[in-house]
Amino acid sequence: MTMPNETKAASFRREDALPYQRLDEETIVVDPRSREVHLLNETAARIWELLETASSVDEIVEALGDEYEGAPPEELRREVETFLADLGARGLLASRGRA
Amino acid sequence: MRPAPMNLVLSIGGIAGRLELGPAPETFLAQVRERYAAFTMPAAPDLDAGFSLRLRFESVPPPVDLDAHVAFAEAHPLTVKATAKTITISRWDISVRLSAKRARGRVRWVGTGRCKMSPYALDCVLRALWSVLLPREDALLVHSCGLRHAEIGVVFPGVSGQGKTTLARKAPDADDVLSDEMIAIRHTPSDGGWRVYGTPFWGDFARGGISMRSWPLRALAFLAQRDSVEMSPITSSESALRLLECMLCFQTDRETVERNLALVTRLCAEVRSVEAQLTRTASTAEIFGKLEPHLGVDVNRKVPTLNAREMISEFRSFLRKHQLYAFSPRGAGLRPWVKQGASLLIQAAEKSALDVGDIALYWVPGRTPDDDVLRCHRVGSPLPKGQSWAGAEMLGRVSGLARDGRDLPMPGRLDGLARLFGDQVAMPILRLAGR
């Protein structure tokens, strides 16, 4: 799945009101509104960290590319886009603003 | 004569709460006393209680229109709200409000409320109250079966239908079941870990823990029904994810969720977790045989009770069960009447059955759990000066001494015996209880 160009230019930020805890390499996010608990794996947990401040897909991919050497950029981008779409669908992202 | 309210002090998960219940018919109050008997305690006037609640009961007649009643109940589900200043618990048949009061540098909750005169409604109020208060003291209530195994505790969390009661029913000794429905876990830095407590909140097993005593928590074993018995280690984060689903919490505010999340993640990081894949027919021996590698070393190493209150509560449960209890006192407090190797016999007894001259054993409560003591008093003698006996609960009668299989005459004076039953007696009783 590829995001439309306008989405690529958008910035994303995690929903500030959601309590979360890091445990080992993973992160647990609780959504009190839906009473759902989400477990983020190591990479997802890192993206969650990056989303503390508004970031574009490009910025996230660039940051991850520096940390995960050897990861093909296109594959990283696809993963990030899918993850962001998933977070959005679950209501874990703050309303989006333009980058 | 109009029935009087009943005062009850319960200690669950290490938090004591004062309840003034009623007025209500004696049959109902007797039912309440019986249900919570293992968790009731005598109250010192200066008891360090977590809350005081005056609860009135209302008789609710059976609904004339059942559909309308169901709709009303569904429109008014259980709602629990708690801030730093107030706790409110409401449901179609419950309305409770407590306010925070500061005393001795700690927050104490004081409030009033009403609920339907039903053991289920009262139980609901108590579960909600403890679910709010425990996490504020690094403790939590968890939907789980809790079992004592040797000298440790194991918690088997699971939502409804995952086999909590089935597991409890398999326990060879029902006294080892801490609850088949809800247990309390508390962080206890003083002994470097976490402890598990039984509760009076039970499911279909229809009985809860036998005392306030806690056990070192060695494993969280999340229940899963499978075709064979296996114990599969799971990661701390997976454990936390599952435990959050089983934690009793009615609040959804950010502060509460953050506190609970931090508590659960710390617990899961420090205690081993497995998925306990069980079959309906698996025996307790088979289950613990598979669990053994995950329980750490020294599961048989005797661990002292966390405090005097837990110890006395457990002693009371033995006495209630066996009616007669013998132990060999240590130390020189009783000499010259009791020599090395002699046993002291305690018999369960009602106050009304005591005669002048009998020596009675009392649970004398203190302000904190460490301040509780066992003391003796000879009926008809004046109380020793300088000792507080306020709120004391009589546990039994010192019925005899024995040595080498022979009965010995009871001591003619009391002072040595009273000294024996000071707080120094805690460990000897414990060791002799085989715990």
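I began with strand β8 of chain B, which pairs with strand β9 (residues 152-157) of chain B in the antiparallel sense over six bridges. I took strands as DSSP runs of E of at least two residues, numbered from the N terminus, and counted two strands as paired if DSSP finds at least two bridges between them. The model is predicted: I required pLDDT of at least 70 for local features and 80 or more for side-chain atom pairs, while totals for chains, interfaces and linings use all residues. Residues are numbered from 1 along each chain as its sequence is written, and chains are lettered from A and ligands numbered from 1 in the order in which they are written.

I noted that B:Cys145 has B:Phe156 as its bridge partner in β9(B). Two residues lie between the strands of this hairpin, where B:Ala150 takes a positive phi near 55°.

I next looked up the other partners of β8(B). Strand β11 (residues 182-188) of chain B runs antiparallel to β8(B) and is joined to it by five bridges; there B:Ala184 partners B:Leu141. Strand β10 (residues 177-179) of chain B also pairs antiparallel with β8(B), over two bridges, and B:Val177 is the partner of B:Leu147.

I then checked burial (buried: 20 or more other C-beta atoms within 10 Å of the residue's own, with C-beta atoms placed from the backbone). In β8(B) (residues 139-149), 11 of the 11 residues are buried, so the strand is largely enclosed by the rest of the structure. Both faces are covered, with B:His143 among the buried residues on one side and B:Arg148 among those on the other.

Note on methods: Buried ≥ 20, exposed ≤ 12 C-beta atoms within 10 Å, placed from the backbone. Helix = DSSP H or I, 4+ residues; strand = E, 2+ residues; numbered from the N terminus.
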